[in-house]
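Here are a few exercises to work through with the model on your screen. Try each task yourself before you read the solution.

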Amino acid sequence: MTTYYDDLETRSADARAAAQLEALNARLAQHGLGALDDLAALADLPVLRKSELSARQAETPPFGGLPVQNVAHVFQSPGPIYEPGGISHDWWRLGRFLNACGIGPGDIVQNCFGYHLTPAGMIFENGARAVGAKVLPAGTGQTELQARAASDVGVTAYAGTPDYLKIILEKADEMGLSLGIARAAVSGGALFPTLRSWYADRGISCLQCYATADLGNIAYESPAMEGMIVDEGVIVEIVTPGTGDPVPEGEVGEVVVTALNPDYPLIRFATGDLSAVLPGVSPCGRSNMRIKGWMGRADQTTKIKGMFVRPEQVAQLVARHPEIARARVIAGRAGEADTMTVRIETEAQDASAYEASVAEVLKLRGTVEIVAPGELPRDGVVIEDTRSYD
């Protein structure tokens, strides 16, 4: 029997639309904007892009003059972009997703999202508190210590990027440790079917959510695993990239989100991600709109190892070394882990000379390959994603 987080998950479409319109008009008033007569009129408002938000924040730090309140934390994401964080009940709305995962009182969640600067660690900790679970604030790295702690503490659930749990489990096997992890709540990267099956073979139920540092939870899987159910605290539109015009149901477009959080109301915030509306409702009984999940990027920004790599970062790498003509980042997979290869077009011979710059500018370590001048394709691509999502 399905246990819902609250009654909002199963309300009628009319009741949801009426409540969303009321909340939307309250958020618009915070921005000094007039009320709308219906939700469809939201499409007439301008789209807010990350580049614009970053520019606003540079002029009016730290939040660009937006009507932000009740701030407990300030986080930094690549760009840089600064996000506020609150500590009130389920501030980022992750509790709804963790409940769908079957996580609740009695669980100990090993939270392997980062707690340094970026908000993912706090986002999932806040959600775990909302469902009454205890948290082991593990953060990233130190896999042997992670495996030992999971065994000693009696961890029952994992939160983190999709592939890191496999690394912990394999390390525990090497150490002769038996772990009791039965549920996994993952985000920050693609959950490949082979990896989900690998977890299932070990008795671990693994579900994923679609969340961002700016917006919190946007959509999440339920045990039905048919698309992702849109969270009750946001309004999601799928639009033609670059225009903000909604596309027909089922057509792929850019995800634009309006957050109804009164502490940080973002109106028509463009995520840069591609998805499509999935017709119908979930067999689990949750009645909100569903999307097909992450289907790529509207621009070339790509998430690798849970971190975004942006075209402007590649440009910064090239500008740092005058002898580099071009650079191309290639996202790939080795087993169930993300890989990053940086191909640099230069007459220089020593690839290791650029490893420190790659780590500093791209915020990730990867393999550096030197190619001869003129060898990289002149197709405008600076970030190539070779991973298969089938």
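**Exercise 1. Find out how covered helix α4 is, and which of its residues are buried.**

Step 1: Helix α4 spans residues 120-130; helices here are DSSP runs of H or I with at least four residues, strands are runs of E with at least two, and both are numbered from the N terminus. This is a predicted model, in which local features need pLDDT of at least 70 and side-chain atom pairs pLDDT 80 or more, while totals for chains, interfaces and linings use all residues. Residues are numbered from 1 along each chain as its sequence is written, and side-chain values use heavy atoms, leaving out hydrogens and water.

Step 2: Look for buried residues, meaning under 20% relative accessible area (1.4 Å probe, protein chains only). In α4, 9 of the 11 residues pass, so the helix is mostly covered.

Step 3: Go on past the helix, and you meet Gly 132 with a positive phi, near 85°.

**Exercise 2. Work out which strands pair with β5, and in what sense.**

Step 1: Two strands pair if DSSP finds at least two bridges between them. β3 (residues 108-111) meets β5 in the parallel sense, over 3 bridges. Val 109 has Ala 157 of β5 as its bridge partner.

Step 2: Now try β6 (residues 183-186), which also pairs with β5 in the parallel sense, over 4 bridges. There, Gly 160 stands opposite Val 186.

Step 3: Check where the residues of β5 (157-160) point. Ala 157 and Ala 159 go one way, Tyr 158 and Gly 160 the other, and all are buried. In a regular strand, side chains alternate between the two faces of the sheet.

**Exercise 3. Decide whether Asn 217 is buried or exposed, and list what it touches.**

Step 1: Locate Asn 217 in strand β8 (residues 216-220).

Step 2: Asn 217 is buried, because its relative accessible area is 0%.

Step 3: For contacts, count heavy atoms within 4.5 Å. Setting aside residues up to four places away in sequence, Asn 217 touches Trp 92, Arg 93, Leu 94, Phe 97, Cys 209, Tyr 210, Ala 211, Asp 231 and Val 234.

**Exercise 4. Zoom out to the chain: how many helices and strands does it have, and what share of its residues is buried?**

Step 1: Count 9 helices and 20 strands.

Step 2: Of the 390 residues, 51% are buried.

Definitions and conventions
Buried means under 20% relative accessible area, exposed over 50%, partly exposed in between (1.4 Å probe, protein chains only).
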